[in-house]
Structure formats: structure tokens, C-alpha cells
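Subject: Structure handover

Hello,

Here is the structure for you to take over. My notes on it follow below.

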Amino acid sequence: MTYGERVIDRPLASLGRILLDLGTTVMGVAASPGDLGTEVTGVHIYDPLDELLVPPGGILLAVGVHTAGDIRDLLYRARTAAAIVVKVPVEVDEQVRAAVLETGIAVLGLTRAASWSQVAALLRSLLAEGDLDEPGEEPQGDLFALANAVCALLDAPVTIEDRSSRVLAYSGRQDEADPGRVETVLGLQVPERFQRMLDERGFFKQLYQSREPVYIELHDGTSINRTAVAVRSGDEILGSIWAAVREPLSEQRQRAFADAAKIVALQLLRERAGADTQRRLRADLLSTVLAGGADAAEAAGRLGVATERLCVLAAQLTDLTDADPARGESDRQRFCDAFALHVGAIHPRAAAALVGSVAYAVLPLSTGGEEEERAVRVAQSFLSRVGPRYEANIGVGRLAANLAQVARSRADADRALRVLRARGTSGQAAGYTTVHFESLLMQVADVVTAEEQTPTGPYQRLLEHDAEHGSDLVATLRAYLDAFGDVNLACAQVHVHANTFRYRLKRLVEISGLDLADPDARLTVMLQMRIFGP
């Protein structure tokens with residue numbers, strides 16, 4: 001069985017099961033065509049400025065859509081969608097209801113407390129996990145199924161979390177818990193204030209030192225107490241399971257909870273191995289697409305990515321240290337996962353993978369012109385969302401009309417990323433055409449370095465004079481050229497009197513033989529300054 005076949009054969013989600021797993025606290029039905037058994041294939045974000053492309057079964061996040069008229073119009077435009085999601089309160093009139101019945105598309109209301117990025121992540125994580133079988137079917141054995149099983153055992157809503165308190169899976173009935181749990185599920189992360197409180201009270205230390213469930217009394221007036229158990233593999237702590245309970249568990253449920261942790265540990269180990277294999281495969285396939293050549297079409301087919309009108313994005317973290325290589329690799333992979341989620345929400349046939357230290361994405365773009373600028377906006381949007389957690393830059397290549405041109409777009413993206421790295425910036429995105437000249441200078445500098453070339457002519461003579469006499473003639477020349485020959489402006493830049501500056505200018509002309517009235521001579525020395533440096 002190939003990778004592509006395995007993805008296609010995976011059981012798909014139903015709209016009804018998604019709503020059941022999310023709970024009414026997060027999302028509810030505002031208008032229904034009656035049957036919510038429609039299979040869901042993906043999550044897509046509505047952009048009124050882009051061509052509307054919703055594959056059959058897609059959930060469309062209707063960002064900025066509020067009025068009943070806008071909802072009705074969008075229903076008729078997105079006829080292949082399974083549902084559209086609108087922030088509450090949702091305006092539903094008779095025309096909207098009629099459109100829902102005619103198109104068969106459900107209108108869902110999203111709580112205003114949730115951000116669009118949060119709900120996109122939630123929905124895509126549910127689809128990726130595969131715990132969306134219809135009621136009565138055999139469970140698939142994944143974390144979401146285990147969370148629901150533990151929920152049934154304990155009669156309490158459950159979350160499964162990793163060592164960093166990131167939510168890996170959660171059960172149904174989360175609307176029965178407290179606001180802190182709802183916030184945790186929405187953000188797929190325990191809020192920092194709760195982590196800090198648990199740490200200060202020693203609960204994490206107690207949890208990780210015990211092999212039995214630990215009962216935690218919160219005493220903050222708004223939260224339900226918790227029972228938690230560590231998930232272990234030998235001496236390694238893989239994560240923990242948290243149940244929102246109002247009183248300590250019975251002895252029988254305590255044993256069931258401890259046994260469940262062992263099953264979760266096995267599943268986490270299986271998923272870790274499977275995820276590593278899948279990531280390596282995706283990275284290999286995407287590398288083949290980026291390289292172009294005869295195998296690119298087959299690799300693109302196995303990845304399920306588009307083959308025309310593509311733009312390559314190259315993203316790289318800028319804040320990693322070498323103190324902990326394992327931690328750095330983990331951060332790069334999580335950053336790439338977030339990047340893949342972002343581009344996948346924009347286009348269903350996008351793909352991203354970590355290749356070395358760079359996360360590459362292949363983003364299909366619809367017609368309309370200014371493709372590179374649109375891709376840069378996508379990159380900037382991603383950086384603004386992950387900025388608090390990850391500092392990174394993204395280079396964007398030119399549009400590739402077909403797979404044969406993807407290698408060029410990848411080279412463009414690499415060069416744009418290199419320019420940003422050389423500038424020492426962070427949190428920036430740049431298209432290749434905007435940094436083209438800087439990139440060309442870097443390429444020339446690479447040739448100069450490889451061939452061990454050195455400065456020549458007037459510039460060489462100035463460098464030698466400054467080195468021998470301790471003078472500042474090169475700095476004087478640079479200030480003069482930067483000021484377009486304005487002596488008053490140039491002397492202010494180097495903090496000397498105008499007469500002193502004129503004397504130095506006269507001396508450097510005498511020593512170097514440079515003709516400042518010749519534009520070709522000025523260009524030659526300016527390029528040497530940029531390529532060789534001071």
C-alpha cells in the first residue's frame with residue numbers, strides 16, 4: 001500500500017460527529033438541511049478577494065461574514081461545501097433557511113471566544129486524527145477514541161496532554177467542564193496562567209513523581225477540581241491525562257484511570273514512530289517536487305499537491321541556539337507543522353515539510369495577478385500568528401507555471417530567505433523580486449570568495465593606505481557616495497568639519513586615482529565596497 005492509498009482509504013469525518021466532539025460550547029447548528037451525515041474532507045478559509053475554491057465536503061470558515069444576505073449569497077457560491085461557519089450571533093432568516101435546504105449546506109455558529117486560527121486547528125486536528133467514525137462503528141484506536149473511552153470510564157470530560165501541556169486529544173462533554181477547560185480545548189494548549197499556578201503549587205512535581213492518579217483541588221472559585229495521571233514509558237514521561245471531576249475517584253475508577261494511562265502510553269509511542277516515518281516520507285516527496293526533474297510529477301501526485309501555478313515559500317526559525325540540539329529539532333518540527341496547517345487551510349492542495357533546517361511549502365495560487373505579493377501576504381499572516389512563540393523569516397519565490405519551474409521558485413525562496421538572514425531581521429517575509437539586487441550581490445560575493453579574488457584598482461589602493469596609515473579614506477568615500485556628492489550631508493555622517501572632509505576627499509582622489517566625475521568609476525568602486533566590505 002502506498003502513502004497516497006493509505007491517505008485516501010482513511011475513514012472520513014461526518015459533520016454530525018465533528019459537532020458532537022467539539023461540543024455546543026464551541027460550535028452549534030444555526031441552520032440545518034436535516035442530515036448532518038455529510039462527509040467532511042477539509043477546512044478552508046473564505047477570502048472575499050480570492051477565487052472561491054471549496055472541494056466537495058469542505059468546511060468553509062466564513063471570516064467577516066455577518067448578515068443574513070451575505071450568508072445566503074455564500075451558500076449559493078459554495079455549493080460543494082458541507083458547512084459554512086459564522087461567528088455568533090448568526091442572522092438566519094427565511095431566505096437563509098431556504099438556501100440551506102436548497103444547497104444542503106449547514107450553517108454553523110462559532111463562539112465569539114474562539115479565533116479563526118483556533119477553530120481551524122481544532123477541526124484539522126480532528127480530521128487528521130481520524131477519530132470521527134460514525135456512532136456504532138469500531139473505534140480506530142487513536143488518541144481521541146481513547147480520550148472518549150476514558151471519559152466513559154470516569155464519567156468526566158478528559159484531555160490528553162504532552163509534557164508542555166499541549167492538548168493532544170480530548171473527549172466529548174467538554175461543555176460540562178469549567179471555562180479554563182474550554183479555553184484549553186479551544187487553544188489546544190493549557191493557558192500559561194494555569195500552568196504557572198499548577199507549577200507553583202507543586203502539582204506537576206507531584207504528578208510526575210507518582211505512578212498513581214493524583215487528585216488536585218484548585219480552590220479558585222471558578223474551576224472544577226482535576227484528577228490527573230502521568231503517561232509513562234519506563235522512566236520517560238510522555239505526557240498526562242486530565243479529568244475534570246468534582247470529587248476524588250473511587251478506588252475502582254482510580255485503577256481504571258491508571259490502566260488507561262498505560263494504553264495511552266503505547267498509543268503515543270506508536271504515533272511518535274508513525275509520525276516520524278510519515279514526516280520523513282513527506283519531506284522526501286516534497287524534496288523531489290522542489291528539485292523538479294522526471295520524478296517530480298509522481299511525487300506531487302503522491303503528496304496530493306497541485307502541479308500548476310505554484311509558489312514556493314521557505315521558512316526558517318531565527319531564535320534557535322545550539323545549547324540543546326534535540327529541543328531545536330523539536331521546535332523546528334512543530335514550527336513546520338504549524339506552517340503546514342496554515343497553508344493547508346488556504347488551499348487544499350498545498351503541502352509543507354521540513355527539509356534540513358528550512359520548512360518549505362508549495363502553495364497553489366489562483367489567477368488574478370500579483371501572485372508573489374499574495375504569497376508574501378500569506379507568509380506575513382503566518383508570521384504574525386506564530387510570532388509570540390516562534391521567531392522566523394520567510395522567503396517567497398516567483399510563480400512557477402508548472403512543475404518544471406518549481407526548482408527555480410525554490411531557489412528564489414532560498415535567496416530571499418538568505419537576504420533576510422543577512423539583514424539580521426526576524427519576523428519578516430520577502431518576495432524574491434523585492435530583494436533581487438541584494439541577492440545578486442550575494443551571488444557575486446560567493447563567486448569572489450570561491451575564486452579567492454581580492455579588491456583591485458582605486459579601492460585596493462585606498463584599503464592599503466588606510467591599513468598602513470590608520471586613515472579613514474574608505475569611510476570618507478563611502479559617506480560621499482551615499483550622500484550623492486553632498487559634502488555637507490556626508491561630513492555630518494562621519495562627524496567632521498566640511499573643510500576637513502573636502503581635504504580628505506582631495507587626498508583619496510590623489511592616492512587612489514579615482515575619477516569621481518566618471519559614473520562608471522563611481523559604480524565600480526561602490527560595487528567593490530558592497531562585495532568586499534570595508
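Helices and strands here are DSSP runs, of type H or I with at least four residues for helices and of type E with at least two for strands, numbered from the N terminus. Counted that way, the chain has 20 helices and 18 strands. Please keep in mind that this is a predicted model.

Overall dimensions and burial

The C-alpha trace of the chain spans about 95 × 55 × 45 Å along its principal axes. Of the 534 residues in the chain, 47% are buried. Among contacts in the chain with a separation of 6 or more, 59% are between residues 24 or more positions apart.

Nonpolar cores

The largest nonpolar core has 54 residues, and within this core Leu61 and Ile241 touch the most other members. Leaving aside residues up to four places away in sequence, Leu61 touches Val43, His44, Ile45, Tyr46, Val85, Trp116, Val119, Ala120 and Leu123. Another core, of 27 residues, lies apart from it; Phe339, Ala352, Ala375 and Tyr390 are among its members. As background, nonpolar side chains tend to be buried together in soluble globular proteins.

Ala230 stands opposite Ser240 in β12.

Two helix pairs

Two packed helices are described by the angle between their axes and the distance between the axes. Two pairs are listed on that basis.

How do α16 and α17 lie to each other, and which residues make the contact? The axes of α16 (residues 457-469) and α17 (residues 473-482) come within 8 Å and cross at roughly 135 degrees. The range for roughly perpendicular ends at 115 degrees and roughly antiparallel starts over 145, so α16 and α17 are oblique to each other. On the α16 side the contact is made by Tyr459, Leu462, Leu463, His465 and Asp466, and on the α17 side by Leu473, Val474, Leu477 and Arg478. By class, the contact of α16 with α17 has six nonpolar, one polar and two charged residues.

The other pair is α18 (residues 487-494) and α19 (residues 498-512), which pack at an angle of about 95 degrees with their axes 9 Å apart. Angles of 65 to 115 degrees count as roughly perpendicular, and α18 and α19 are therefore roughly perpendicular to each other. Val487, Asn488, Ala490, Cys491 and Val494 of α18 meet Ala498, Phe501 and Arg502 of α19 in this contact. The residues of the contact of α18 with α19 divide into six nonpolar, one polar and one charged.

Single residues

Is Ala416 buried or exposed? Ala416 is found in helix α14 (residues 406-423) and has 0% relative accessibility, so Ala416 counts as buried. Not counting residues up to four places away in sequence, Ala416 touches Gly395, Val396, Ala430, Gly431, Tyr432 and Val435. Val305 is 111 residues from Ala416 in sequence and 23 Å from Ala416 in space, C-alpha to C-alpha.

- Val88 and Pro89 are joined by a cis peptide bond, with omega about 0 degrees. Pro89 lies in the loop between β6 (83-87) and α4 (94-103).
- Asp155 has phi near 60 degrees, a positive value in a residue other than glycine. Asp155 is placed in the loop between α6 (143-154) and β8 (158-162) and, at 46% relative accessibility, counts as partly exposed.
- Leu188 has phi near 55 degrees, a positive value in a residue other than glycine. Leu188 is found in the loop between α7 (179-187) and α8 (192-200). The relative accessible area of Leu188 is 18%, and buried means under 20%, so Leu188 is buried.

Regards

How values were computed: Residues are numbered from 1 along each chain as its sequence is written. This is a predicted model: local features need pLDDT of at least 70, side-chain atom pairs count only at pLDDT 80 or more; totals for chains, interfaces and linings use all residues. Side-chain values use heavy atoms; hydrogens and water are left out. A nonpolar core is a set of buried Ala, Val, Leu, Ile, Met, Phe, Trp, Tyr and Cys residues joined through side-chain atoms within 4.5 Å. Buried means under 20% relative accessible area, exposed over 50%, partly exposed in between (1.4 Å probe, protein chains only). Contact means heavy atoms within 4.5 Å. Axes are lines fitted to C-alpha atoms, for helices over the stretch in contact, and angles run from 0 to 180 degrees between N-to-C directions. Angles under 35 degrees count as roughly parallel, over 145 as roughly antiparallel, 65 to 115 as roughly perpendicular and the rest as oblique. Ala, Val, Leu, Ile, Met, Phe, Trp, Tyr, Cys and Pro count as nonpolar, Asp, Glu, Lys and Arg as charged, and the others, Gly among them, as polar. Two strands pair if DSSP finds at least two bridges between them.
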